[in-house]
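Okay, thanks everyone, let's get going.

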Amino acid sequence: MNMVYPVFSFRVLMHRTENSLNLGILIALVSAALFGVYPNAARGVYEAGGDAVFVILVTTVCRMLGLTLFCLATKKALFQDRVNTRRNMLGGFLQAASVTCIFFSLNYLSGPVMITLLFTHTLMQLLFLAFRGEMRIDAVNLSCTLAALLGLSMVVNIWSSENTVSWIGVAIVMGGALATTGRMYIFEKSSGNASAAVVGAENFIFASICVCALLLYKTPDLPQSLDGYLFMAAAAGTLVLATFGMFYGVALAGAFRFSLFLKLEPVFNAVFAVLLLGELLAPVQYIGMLLVIGSMAVFKVFDRQKAMS
């Protein structure tokens with residue numbers, strides 16, 4: 001029997017059980033760690049001759065296959081709810097739009113600038129929910145969101161003089177942030193009356209169709225060595241697992257909470273770069289890690305108190 005998740009509203013968000021919130025946040029942390037593996041694995045693909053178009057196409061299709069095969073294996077029927085199907089079509093388009101914006105923005109922006117601007121989607125999520133009357137902005141959620149964003153900018157070392165800013169790139173990546181905000185909202189709305197796996201499968205079926213438009217831009221460059229394909233397998237495998245976590249985490253904890261705790265992704269990415277690639281971090285990056293982790297801890301404490309009141 002499919003699990004039915006709470007309907008998306010401020011009242012329901014405030015009455016989610018503590019156990020479901022804690023499980024959702026735990027899933028968000030695991031997902032952030034898995035997402036943190038992806039950039040380092042993708043770098044290995046690029047060094048072996050593969051390009052971003054190849055990585056985007058393969059990872060999107062693999063995420064779709066993972067979710068769809070899981071639904072088939074567990075007898076979760078797809079496309080049974082017309083409202084959700086239409087909603088998930090839009091979600092799939094926004095998923096494809098977000099990764100496409102990231103891809104093209106890197107033609108104009110450095111990686112740290114792109115990541116920092118992309119993660120403004122959490123602040124956008126908060127403002128959007130407040131505008132719709134589905135969440136209240138208070139000193140805790142606003143300050144923790146801004147502190148986590150500041151810490152993230154330090155982790156990726158955006159303040160380095162090597163980082164350049166182009167207004168074209170800013171416009172493109174902010175479009176990606178808006179698309180991310182929209183798709184996260186849709187993920188939670190759809191999870192109100194459907195299994196998270198079904199929501200994910202339907203979204204990524206449409207996303208896989210949409211990203212094929214990249215083939216009109218260029219033919220993918222394939223890796224020129226076995227190592228490149230092994231890195232590609234690692235990137236795809238971790239993204240598949242992280243994608244399951246994303247949909248179940250959003251269903252349990254809500255889009256805003258999941259987005260906030262997902263800011264730990266660059267922290268895990270930096271840690272993996274040190275442990276696996278032997279990179280050295282600047283002191284400001286370690287300070288940024290503490291700021292991100294501290295803001296998460298403060299938010300969790302006050303969020304628990306609010307839920308119990």
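Planes under 30 degrees apart are stacked, over 60 they're edge-to-face, and the rest are tilted. And keep in mind that what you're looking at is a predicted model.

So, how many aromatic pairs does a search of the whole structure find? It comes up with 11. Let me walk you through a couple.

Take F79 and F206: their centres are 6.0 Å apart with 75° between the planes, so going by the cut-off over 60, this pair is edge-to-face. F79 sits in the loop between α3 (52-73) and α4 (82-105), while F206 is in helix α9 (residues 196-211), so this pair ties together parts that are 127 residues apart in sequence. Buried or exposed, then, for F206? F206 is buried, at 16% relative accessibility, because the cut-off for buried is under 20%. F79, on the other hand, has 37% and counts as partly exposed.

Next one: F187 and F247. Here the ring centres are 4.4 Å apart and the planes are at 50°, so we call that pair tilted. F187 belongs to helix α8 (residues 167-190) and F247 to helix α10 (residues 226-253), so the pair ties together parts 60 residues apart in sequence.

Now the core. In soluble globular proteins, nonpolar side chains tend to be buried together. In this model, the largest nonpolar core has 48 residues, and F247 turns up again among the members that touch the most others, along with M184, F204, M246, F256 and F258. What does M246 contact, if we leave aside its neighbours within four places in sequence? That list is S31, R63, R183, M184, F187, F204 and F258, so you'll spot F187 from our tilted pair.

Last stop, back on helix α8, with S190. S190 is buried, with a relative accessible area of 0%. Not counting residues up to four places away in sequence, S190 touches N84, R87, N88 and V199. And from S190 to G200, 10 residues apart along the chain, the C-alpha separation is 9.4 Å.

That's my tour, thanks.

Key: Residues are numbered from 1 along each chain as its sequence is written. This is a predicted model: local features need pLDDT of at least 70, side-chain atom pairs count only at pLDDT 80 or more; totals for chains, interfaces and linings use all residues. Side-chain values use heavy atoms; hydrogens and water are left out. A nonpolar core is a set of buried Ala, Val, Leu, Ile, Met, Phe, Trp, Tyr and Cys residues joined through side-chain atoms within 4.5 Å. Buried means under 20% relative accessible area, exposed over 50%, partly exposed in between (1.4 Å probe, protein chains only). Contact means heavy atoms within 4.5 Å. Rings of Phe, Tyr and Trp (its six-membered ring) pair if their centres lie within 6.5 Å; planes under 30 degrees apart count as stacked, over 60 as edge-to-face and the rest as tilted. Helices (H or I, at least four residues) and strands (E, at least two) are DSSP runs, numbered from the N terminus.
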